[in-house]
Amino acid sequence: MRKKTVRRTTTRRVKKKSGFLSGVVVKFLVGFALIAVFVAGSYHYRQGILYYLGFKSTVLSKEQEEEKRLSDVRNFQVLVKHKGKAIGIDVSEYQDAIEWLEVDTLEEIYPINFVIIRATVGNDRLDRKFKKNWLGAKENKMIRGAYHYYRPNENSIDQAELFINTVSLQKGDLPPILDIERLPKNQSIARLKVGLRRWLEKVEAHYKVKPIIYTGESYYDDFLKEEFSDYLFWIANYNFYREKIQDDWLFWQFTEKASVPGIEGNVDVNIFNGDLQQLQFITIE
C-alpha cells in the first residue's frame, strides 16, 4: 500500500507593525530634537563660531585684499584729480564708536574738512550714535551736516518733524540733507515726489535754508533731476571708471571703502565741488 503523504501545515508568524512604527517615530523625534538643539546652539553662539572659523577675523582673505587694493588705488586716483577740493566723510551708527580727535586726514595727505552725520530714519527712529557724533565733530572743529534717511512708505510730515525735533543746526553747519534711495512699495512715483517735496518745504520753513538732496546717480537721473532741479544734489557713484565729479553735483560720494584714522572699518568719502572757502560759503550764517 502507498503511504499517505501528510502535508504539514506551517503557521506563519505575523510581526506586529505597531511596534516597528512606534520605534521609527521615536527615532524621528529624537533626531529632530537633536537637530533643533544643534541649530539653536549654533545660532546662539554664532559670533564665536564665525570668529573661530575665520569669517570675523581681522585677517583679510586674498579676494578681500585684492578688492581693498583696487579700492585704495581708485581712491588715490580720484583724490589726485581733485586737489584743492574740500574732502569729507559721512558716518552713522554703523561706524560704531569714533575717536573724533584722531579723525584728521585721508591717505595721510588730504585733510578731512567736513563730516555729514545721519540723524534720523523714517518717522520714528533716531540714529543711536547721532548725539555723540554731532558733538564729537564739533569738538574736532569740523564743518558738520545732518541727514535724514527717508522711508518712502511713511508719512513725510512725520519724518520732517522727527528730523526738526532731533537736529539743532548752528552757524557754520551745513544745510539739512534728505537721503532718498528707495522706491515706494505702496504708492506711485508721483506720490513719492509729492512726499519728498512736502518734507523739503517743511524743513526749509523751519531752518530758513534750502535742504540738499542725497541719492544715487541712477535715481537722480531717472526720478529727481528734472522736477527737483531747484535743489542742490549730493550724488553717490562708486563706479571704478568714474574719476571726476560732475559739474552739476554739489557733493560726490565716490567710495564706501576708505580707511580713516579714528574709525574702525570702512567709511564713505565725499568730495565737495569747490574748495574749503567755498564750502564755508554754503554753511548756515
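## A walk through the predicted fold

Let us start at a charged contact: lysine 210 lies over the face of tyrosine 231, at 4.3 Å from the ring centre. A charge sits over a ring here if NZ of Lys or CZ of Arg is within 6 Å of the ring centre and within 35 degrees of the ring normal. Arginine 144 does likewise, its charged end sitting over the ring of tryptophan 134, 3.9 Å from the centre.

A word on what you are viewing: this is a predicted model, in which local features need pLDDT of at least 70 and side-chain atom pairs count only at pLDDT 80 or more, while totals for chains, interfaces and linings use all residues. Residues are numbered from 1 along each chain as its sequence is written, and side-chain values use heavy atoms, with hydrogens and water left out.

Now for the overall picture. The protein has eight helices and 10 strands; these are DSSP runs numbered from the N terminus, helices being H or I of at least four residues and strands E of at least two. Of its 285 residues, 39% are buried, where buried means under 20% relative accessible area, exposed over 50% and partly exposed in between, with a 1.4 Å probe and protein chains only. A contact means heavy atoms within 4.5 Å. Among contacts between residues at least 6 apart in sequence, 69% join residues at least 24 apart.

Back at valine 91, leaving aside residues up to four places away in sequence, the residues it touches include Ile98, Trp100, Tyr147, Ile263 and Val267.

Helix α6 deserves a look along its length. It spans residues 189-207, 19 residues in total, and reaches 27 Å from its first C-alpha to its last, close to the 27 Å expected at 1.5 Å a residue; the expected span is 1.5 Å times one less than the number of residues. Its buried residues are Leu192, Lys193, Gly195, Leu196, Trp199, Leu200, Val203 and Tyr207. They cover an arc of only 160° around the axis, which puts them on the same side of α6; the arc is that of the directions from the helix axis to the C-beta atoms. Among the elements covering these residues are β5 (143-149), α5, β6 (177-179), β7 (212-216) and α7 (217-224). After α6 comes lysine 208, whose phi is positive, near 60°.

Phe130, Asn133, Trp134, Gly136 and Ala137 are its buried residues. Seen down the axis, they fall within an arc of 170°, so they line one face of α4. The face turned away from that buried side carries the exposed residues Lys131, Lys132, Leu135 and Glu139. Cover for the buried residues of α4 includes β1 (87-91), β3 (110-121), β5 and α5.

Lysine 141 follows α4, in the loop between α4 and β5. Its phi is positive, about 60°, although it is not a glycine, and lysine 141 counts as exposed at 78% relative accessibility. Aspartate 96 is another residue other than glycine with a positive phi, near 60°; this aspartate is found in the loop between β1 and β2 (105-106).

Helix α5 (residues 156-166) holds asparagine 165, which is exposed at 66% relative accessibility.

Finally, the aromatic residues. How many aromatic pairs does the structure hold? There are 14, counting rings of Phe, Tyr and Trp (its six-membered ring) whose centres lie within 6.5 Å, with planes under 30 degrees apart stacked, over 60 edge-to-face and the rest tilted. Phenylalanine 240 and tyrosine 241 have ring centres 5.6 Å apart and planes at 80°, so their pair is edge-to-face. Phenylalanine 240 is partly exposed at 39% relative accessibility, while tyrosine 241 is exposed at 74%. The rings of tryptophan 252 and phenylalanine 254 have centres 5.6 Å apart and planes at 55°, so this pair is tilted; both residues are buried. Ring pairs also link Phe114, Tyr147, Tyr214, Trp234, Phe251 and Phe272 into a cluster.
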